Amino acid sequence: MSVLKIEDLHVSVETEQGTKQILRGVDLTIGEGETHAIMGPNGSGKSTLAYAIAGHPKYQVTGGSVQLDGEEMLDKSVDERARAGLFLAMQYPVEIPGVSVSNFLRTAKTALDGEAPPIRSWIKDLDSSMTALRMDRTFRERNVNEGFSGGEKKRHEILQLELLKPKFAVLDETDSGLDVDALKIVSEGVNRAKETTGLGVLLITHYNRILRYVKPDFVHVFVAGRVAEQGGPELAVRLENEGYDRFLTGANVE
Amino acid sequence: MALASPAFVPVQTRSERLASTSVTDFPAVTGLEFEWKFIPLARVKHLTEGALDGSPTAFTYSESAGTAVDWIEPSAPVVGTAGVPEDRAAANAWAAVEKVLHISVTGEDAAELVVRRDRFGSTPRAAHVVIEAAPNSKGVVILEHHGSANLTENVEIVVGDNAQLTVVTVQEWDDEALHLSSHFARVGRDANLRHVIVSLGGSVVRVNPSVHLVSQGASIDSFGLYFADAGQYFEQRPYIDHQAANTRSRVNYKGALQGKGAHTVWVGDVLIGPHADGTDSYEQNRNLVLSEGTRADSIPNLEIETGNIQGAGHASSTGRFDDEQLFYLQSRGISEEEARRLVVRGFLAEIINEIGSPALEERLSAAVEAELVQAEAVRASALVQ
């Protein structure tokens, strides 16, 4: 059983006004195959958590730990974390001119596995994932994220999730900006990855719409850089009805 | 009353710049002139004024159907029909050559012609090439440059009506090579010239193409790719002269710079003349800076003398590595070194893919790859220190 364990995580960023503390002691434990939804108001630090786990250089970890099966991730480079089994589906994936989707995916798969995938089975996997995500074949020859619509970018992120087969994935507002059809397609992709690989998911979202399609085992409410409350799926329903107001009174939101 | 002597007035429009085949019409070069402002003049000044060996230099080429290669006299009528020197080094070469290398494309679907020029040696030399595409012809001419050189030359390109010609000039000179090359192109009615400059090797390499779209429907696709390492100076100044109506130009140059003293210059001039109604033009230059201590000059100029055009735009950017691109690739397990290579290769691939010769594209991809491996080694050793 794989476990991703986040303990007392403190993270800050450098801003023009000086150092700003964003995460103030996050504790989360995600088991294999589990889905944890992180919900919370804007500015509560949800995306910072995602990027800090992945190792983005902009975020300075000032305390705590992130362990994957007992191994400290915070000491590792971004690519080492990915090779250990972490994946981040990004909210705003960048364009990489001149690098085709097919070249990018094959390079990533080769880096993760330590050897190039057998061509026949790789093409088969790629085809079936793209078909399931309703992605046209021509997509493979396009440059990574270049000229992609918002929905295409998100589907491309989930395509990677399916093909790269990480142990744990952080989905950073993957549902934002999607219409309901695209949301269903993307959700199906996440569910397929869970079924086939026992993926553990940290689903960061601003809305609970996606939770109708990707069922969370746990819901954590994130306020002012830490988990303010946690519960089962029923907590999401309550948040839908009540909003975040009761958490914000008295909370130190900058 | 005598007229006061006119004050010095800088050239206002590109078409009014001095052009002459006589070296004495050009004042001695000081380095203050805009044409000579960036170049390390000490390394090349002798090519602007000194004696030059203008005897024919041996070369090799592939026999290709629909093309012919021979030496002609400088007095031949075709010489000078595509353009006339606009700087002193080009004029110095013009006067010195004893024979002109004449490449003709006559086939309606001619085979690719590769001319390998690798025997210039270190003596200061002059050369002159005329590439002539007959009306309705179609072909690809590749000039490959290797070995040592101390060369100033003129390259004329005459594209007949309705012809489609691709000219690629590849500079993979030895480290000490000096090469000043003025290209002049005259593109006829409904004809298209695809002009590609690739500079990867040499000490000082300057290739300045002046392209005249003289008849309606003429078009130019002008591409450039350069990768300057420590101490290398690469310059290119594409000038697109829209003279006729409904002409089209696309200019796209991309460069990478790596290592102390690597310096590149791009000056893109587009002139849309008073009779060039319906012109559609766009020029851009992008530079990727891979290390400290490099310099990329990028200057787009656009002159428009008619109000009735379809479009005219320009873009220029010089930037460091995009850390977000690195983060994205690394977050997929790709090592930093490989991610950097992927990004630079992708950046330059846009130009390589436009060359239109699969064999050359493959070879240049490999050459760029070798530059990248070398660049990574330099970067890694710099990090260790």
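**A covered helix and its ring partners**

In this predicted model, helix H1(A) is mostly covered, with eight of its nine residues buried. The buried residues of H1(A) are A:Lys46, A:Thr48, A:Leu49, A:Ala50, A:Tyr51, A:Ala52, A:Ile53 and A:Ala54. The helix is followed by A:Gly55, whose phi is positive, near 100 degrees.

Over all chains, the structure holds nine aromatic pairs. In one of them, A:Tyr51 and B:Phe327 lie 5.8 Å apart from centre to centre, with 40 degrees between their planes, and the pair is classed as tilted. This pair crosses between chains, running from A:Tyr51 in helix H1 (residues 46-54) of chain A to B:Phe327 in helix H4 (residues 323-330) of chain B. Both A:Tyr51 and B:Phe327 are buried. Why is the pair of B:Phe34 and B:Phe38 edge-to-face? The ring centres of B:Phe34 and B:Phe38 are 6.3 Å apart and their planes stand at 75 degrees, so the pair counts as edge-to-face, the limit for that class being over 60 degrees. B:Phe34 is partly exposed at 31% relative accessibility, whereas B:Phe38 is buried, with a relative accessible area of 10%.

In chain A, the charged end of A:Arg142 sits over the ring of A:Phe139, at 5.2 Å from its centre. In chain B, B:Arg206 lies over the face of B:Trp36, at 4.2 Å from the ring centre.

**Charged pairs**

Side chains of opposite charge can pair when their charged atoms come close. The structure holds 35 salt bridges over all chains. One of them joins the side chains of A:Asp79 and A:Arg83, at 3.1 Å from N to O. Because A:Asp79 and A:Arg83 are four residues apart in helix H2 (residues 78-84) of chain A, about one helical turn separates them. A:Asp79 is buried, with a relative accessible area of 6%, while A:Arg83 is partly exposed, with a relative accessible area of 37%.

In chain B, B:Asp118 forms a salt bridge with B:Arg116, and their closest N and O atoms are 2.9 Å apart. B:Asp118 is partly exposed at 23% relative accessibility, and B:Arg116 is partly exposed at 32%. A further salt bridge joins B:Glu369 and B:Arg341, whose closest N and O atoms are 3.4 Å apart. B:Glu369 belongs to helix H6 (residues 358-384) of chain B and B:Arg341 to helix H5 (residues 336-352) of chain B, so this pair ties together parts that are 28 residues apart in sequence. B:Arg341 has 19% relative accessibility and therefore counts as buried, since that class requires a value under 20%. Back in chain A, a network of salt bridges links A:Glu229, A:Arg238, A:Glu242 and A:Arg246.

**The surroundings of a histidine**

B:His183 is found in strand S9 (residues 178-187) of chain B, and at 2% relative accessibility this histidine counts as buried. What does the side chain of B:His183 make a polar contact with? Its partner is the side chain of B:Ser181, at 3.3 Å. When neighbours within four places in sequence are left aside, B:His183 is in contact with B:Val155, B:Ile157, B:Thr169, B:His195, B:Val207, B:Asn208, B:Pro209 and B:Ser210.

Key. Residues numbered from 1 in each chain as written. Chains lettered and ligands numbered in written order. Predicted model: local features only at pLDDT ≥ 70, side-chain atom pairs only at ≥ 80, totals over all residues. Heavy atoms only, no water. Phe/Tyr/Trp six-rings, centres within 6.5 Å; stacked < 30°, edge-to-face > 60°. Helix = DSSP H or I, 4+ residues; strand = E, 2+ residues; numbered from the N terminus. Buried < 20%, exposed > 50% of the residue type's maximum accessible area, 1.4 Å probe, protein only. Lys NZ or Arg CZ within 6 Å of the ring centre and 35° of its normal. Polar contact = N/O pair within 3.5 Å; in protein donor to acceptor, adjacent residues only side chain to side chain. Contact = heavy atoms within 4.5 Å. Salt bridge = Lys/Arg side-chain N within 4 Å of Asp/Glu carboxyl O.
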